[in-house]
Amino acid sequence: MARTSDILGLNARSQLYSYRYNKPPGKKKAASKLATKRALMAYNIPIPQTYVKFVKPLKINKFDWTSLPSSFALKPNKGLGGEGIIVVKKRSKSEDGWITTNRRKVTIEDLKLHVLDILEGAFSIRNVPDVAYIEEFVGRHKAFRKYAFRGTPDIRVIVFNKVPVIAMMRLPTKQSGGRANLHQGAIAVGIDIATGITTKAFWRGKYIKYKPETKRKLNGIKIPKWTKILETAVNCSIATELDYLGADIVLHPEKGPMVLELNHQPGLSIQLANAAGLRKRLARVEDLRVKDAEHGVKIAKVLFAGRFADRVKAEEGIKILKPVERVKIYAPGKKTIVINARIDTGALRSSIDRGLAKELGLLKEDNILWKRRYAYRSAHGRQPRPVIVLIFRLAGRKIKTSASVANRSKLATPLLIGRNDLDGFLVNPVESE
Amino acid sequence: MRKTGVVLVTLLAFLFLAKPCLAQFIDNASENNQSLAVEKVEEATVSAEIVLTPTPSPRPDITEKTLEVVEPLKRLLDEQVLGTVWPFNPIKYAIRGAVDASVPPNTIVLLLLLPGIAALIAAARHLVGIRGFGIFLPAALSVVFVATGPIVGIGLFLVIVIVSTGARIVLRRTKIKFQYLPRMSFILLLVVLGILSVLFAAPLIKQSSLANVSIFPVLILVLLAEDFSRVQVGKSAKVAVNLATETLILSLVSYIFLTLESVQKFVLLQPEMYILLVAATDLLMGKYVGLRLMELWRFRKLISSG
């Protein structure tokens, strides 16, 4: 599926993206969770509320520990890989402590000692003294209740150049101790960017279909508030000026998406979860001009939509197309029209006639993905073209894609369909036109 | 975790089983060297008596300034015929000048080899994907191996790994709660006790290479212990053991590189070319953005799934 040159390795991640696009101030913000919170708060991006933070050991005894609510999370400010985090869900029956999500009891004394450990730097990189803080507990959204073991699943979105390029959900398992950390045994579930529906699940070195020890399918889960999640991730990138980042987002049952932390060198396993190479996706959005989060998400949904070609193939068999097909075009707020389209395996992206596009209202500002990016090399020589969102129905399949706008007024067909949209079809060249 | 454990045990078993053969091999080699030396000396017929009765040493140690280490290197320098100083020979002349002013040539060789090892370790990370504890530790460990011999070195290394892991597990099980720095210092104490017990066991083991364990290699090993338990406290035991295994592999490879006679000879006789070679390798590696060998393995499902 993916070629080796499409896959992003550690060398390329550091040299081509992380170091090149992330500046030190942004990295500083990402390295400290409290600094992340400050930066995001300034942009009104939702984050879990902080109850208290401990900078000096003195505060530990001054703080009124009994004032804490029945659920909260104690975290190191600069912790790595989810280490050093204690999450409690309710008070213990004896009222002198709390019960963690792992069903372990912790007392105030345990918490104090843990804070001391954090301050000493037991969980930070190179053991530099750290800061501890206690924040609001984010529970599980009901959509995930059947899939996550005890903990809260989080959604990792990698954003590059304000476009969310790839996403996965991390499901806590019994083996991960309820933690959403892949190294500790959480399941990595790939997500289709366009729809927010899960596609594949990768766990302990192989693809799995069901949640371990159950018969619950892991693909086909629809993640609520998907567009909001993607836009939140892009806004994080804007707020911290990190052009290449991974945002860890949790879905609060009532308050919606919240950002837990940001990572300026996000891990690479996300490629396995999605069975897709990241390097090619990054190259596709590298020098686009993206206005804002909404625009970035729109581009992502068109460029990185899963084609579900395999599923379609299995369900209805492979369709055979003629060189010219009748195609139904959908235009927002207008009647659909049926036109002739040339099936062209020599072209990559589909292309629509300028006159027709204008007539259908497809050249409106909010439907244009980008302008003048490429000087296309085509049969017409090199010329810049706008690229727009196009939705059409071909041989019974509805396809949402990107199409370039060109002057095809002198050609027989106003629409040309390229390889990008021909996955799962065969073309029979001898069939009469 | 289990897999790495098995690998460690087999590695250890292999080393101990292979020890007699290895010793024999080294004996043979030194015999050959001696006979060679004898031939040479007979040709020279000047200081034959001195060389024919060498002091019995268990193993030539290039980190020490002993006669049997220094002499062959000096002879190598003397045998090479040099042209003019510029443009190709400035470092060669500088080396000779320094050696004539009684700077030990083995120090020069080791010093020159150090960037080579660093490049080797960098390549292991950037081209292969073996991580280890940074770049300094494997390099230092390989020098320790050269100084103490690989078997004693690995033995001590494993003692440290086992003691610090054991201490951590026991502290966790018994729920003795320490603050971080006192806990580290306590673990260090246990590590030192572990190393001491190995040294105390010397009369039982009768390992001749225990005889020349000096303080500096041991110090480096103790420093390593600190790093090791630091990683352990921060990360899972699995990560720590993996890193330790990778470090061990890296330093064994570096050790072999350090002790290869042909490499030593090349470095000493062609220092200019060697330096350029290392610099070029470093530069090229720094520009490499392709996949690492182990990443091909990591993403195999992704590559083959089409």
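Chain A holds an open sheet of six strands in the order β1-β6-β2-β3-β4-β5, with antiparallel pairing. β1 (50-54) and β5 (105-107) of chain A stand at its edges with a single partner strand each, so one side of each has no neighbour in the sheet. Neighbouring strands are turned by 30° against each other on average, direction ignored. Two strands pair if DSSP finds at least two bridges between them. Strands (E, at least two residues) and helices (H or I, at least four) are DSSP runs, numbered from the N terminus.

This is a predicted model: local features need pLDDT of at least 70 and side-chain atom pairs pLDDT 80 or more, while totals for chains, interfaces and linings use all residues. Residues are numbered from 1 along each chain as its sequence is written, and chains are lettered from A and ligands numbered from 1 in the order in which they are written.

A second open sheet of chain A has seven strands, ordered β11-β10-β9-β8-β7-β12-β13, with antiparallel pairing. Its edge strands are β11 (206-208) and β13 (256-263) of chain A, each pairing on one side only.

| Strand | Partner | Sense | Bridges |
|---|---|---|---|
| β4(A), residues 97-100 | β5(A) | antiparallel | three bridges |
| β12(A), residues 244-252 | β13(A) | antiparallel | seven bridges |

In β5(A), A:Val106 is the bridge partner of A:Trp98. In β13(A), A:Leu262 stands opposite A:Ala247.

Helices lie across these strands. α5 (residues 108-120) of chain A runs at about 80° to β5(A). α6 (residues 226-240) of chain A lies across β7, β8, β12 and β13 of chain A, at about 40° to β13(A). Axes are lines fitted to C-alpha atoms, for helices over the stretch in contact; angles run from 0 to 180 degrees between N-to-C directions.

Next, α8 (residues 278-285) of chain A. Its buried residues include A:Leu278, A:Arg279 and A:Leu282. Buried means 20 or more other C-beta atoms within 10 Å of a residue's own, with C-beta atoms placed from the backbone. The buried residues of α8(A) pack against α1 (10-21), β7 (154-160), β8 (163-171), α7 (270-274) and α9 (293-303) of chain A. Contact means C-beta atoms, placed from the backbone, within 7 Å.

In chain B, helices α5 (residues 105-128) and α12 (residues 261-269) pack at about 95°, with axes 10 Å apart. That makes α5(B) roughly perpendicular to α12(B), a label for angles of 65 to 115 degrees. B:Pro105, B:Val109, B:Leu112 and B:Leu113 in α5(B) meet B:Gln264, B:Val267 and B:Leu268 in α12(B).

Conventions: Two residues are in contact if their C-beta atoms, placed from the backbone, lie within 7 Å. A residue is buried if 20 or more other C-beta atoms lie within 10 Å of its own, exposed if 12 or fewer, and partly exposed in between; C-beta atoms are placed from the backbone. Angles under 35 degrees count as roughly parallel, over 145 as roughly antiparallel, 65 to 115 as roughly perpendicular and the rest as oblique.
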